[in-house]
Amino acid sequence: MAHRFFIDPAHWNPDAPRLAGEEAHHARHVLRLAEGAACVVFNGRGEEQAARIAGMAGGEVVLEPGPVKRSAPPACRISLAQAIPKGRNMELIVQKATELGAAALHPVLTERTIVRLDRAEALRKQGKWQRLAVEACKQCGQDFLPAVGLPVSLPDLLAARGPDHDLVLVASLQPGAGRLKAILAEFARAHGRTPASVLVLIGPEGDFTPAEVGLALAAGAQPMTLGPIVLRTETAALFCLSVLAHELL
């Protein structure tokens, strides 16, 4: 299987593709690819191109262009708003959410979130998580790169992102939460179609507080049960994305 490399859409030129920065370094100094080696480049927006290494120019890798393949966008844009867990679990969530086709990832700071970040640390984390998403795309053959946002509070997320989606779901342990199939069936009855965009909110260890759930509901979110078993936050995120992908993609 040919090695895959990411080219930012701002620099995507299928007539004269080039690798620069970290991707060029990886091709030249880590993989030690020689002239003539086959590879695949992609822009994270559904386009990938077969290519061969034609030479090196300064710090860049010059590619001989091949055919371009364009993938159809997914039927539903599924975004994950994830309360940042402790340790390195957010890295796992970013990697697996990318593999499962998430369109966007929104790290969230909640009342029960253990992690606290200043502006500089938030920017550093965002950059790291975005690079992990790129690596996941390269490894699994995903041509649509999810955008990883800056960590934000739940109120700020709901104010900025909630109206952008047909359906907002909040995973909830509280009584009265509905099953996903029933929520989607009700949406289809009300709108005559399946949702084109979904935002799913996953709480931290210990779940969202009742006040946070109330805030999400007031913003139009629908409470969704994940069944009788209490799942870890990273398990809940991947479970929701898997089920939503099965139902909507």
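## Helix 2 and its buried side

Met90, Glu91, Ile93, Val94, Ala97 and Thr98 are the buried residues of helix 2, where buried means under 20% relative accessible area with a 1.4 Å probe, protein chains only. They cover an arc of only 160° around the axis, so they sit on the same side of helix 2; the arc is taken from the directions from the helix axis to the C-beta atoms. An α-helix has 3.6 residues a turn, so residues three or four places apart point the same way.

What do the buried residues of helix 2 pack against? Their partners are strand 6 (77–83), strand 7 (104–109), helix 3 and helix 7, with contact meaning heavy atoms within 4.5 Å. After helix 2 comes Gly101, with a positive phi near 90°.

## A word on the model

This is a predicted model, in which local features need pLDDT of at least 70 and side-chain atom pairs count only at pLDDT 80 or more, while totals for chains, interfaces and linings use all residues. Residues are numbered from 1 along each chain as its sequence is written, and side-chain values use heavy atoms, leaving out hydrogens and water. Helices (H or I, at least four residues) and strands (E, at least two) are DSSP runs, numbered from the N terminus.

## Helix 2 meets helix 7

The axes of helix 2 (residues 89–99) and helix 7 (residues 233–248) come within 10 Å and cross at roughly 10°. Axes are lines fitted to C-alpha atoms, for helices over the stretch in contact, and angles run from 0 to 180 degrees between N-to-C directions. The two helices are therefore roughly parallel to each other, a label for angles under 35 degrees.

On the helix 2 side, Asn89, Leu92, Ile93, Lys96 and Ala97 meet Glu234, Ala237, Leu238 and Leu241 of helix 7. Sorted by class, that contact has six nonpolar, one polar and two charged residues.

Val62 in strand 5 is the bridge partner of Arg18 and of Gly55. Strand 4 and strand 5 make a hairpin with two residues between them, and Gly58 in the turn has a positive phi of about 65°.

Definitions and conventions
Angles under 35 degrees count as roughly parallel, over 145 as roughly antiparallel, 65 to 115 as roughly perpendicular and the rest as oblique. Ala, Val, Leu, Ile, Met, Phe, Trp, Tyr, Cys and Pro count as nonpolar, Asp, Glu, Lys and Arg as charged, and the others, Gly among them, as polar. Two strands pair if DSSP finds at least two bridges between them. Buried means under 20% relative accessible area, exposed over 50%, partly exposed in between (1.4 Å probe, protein chains only).
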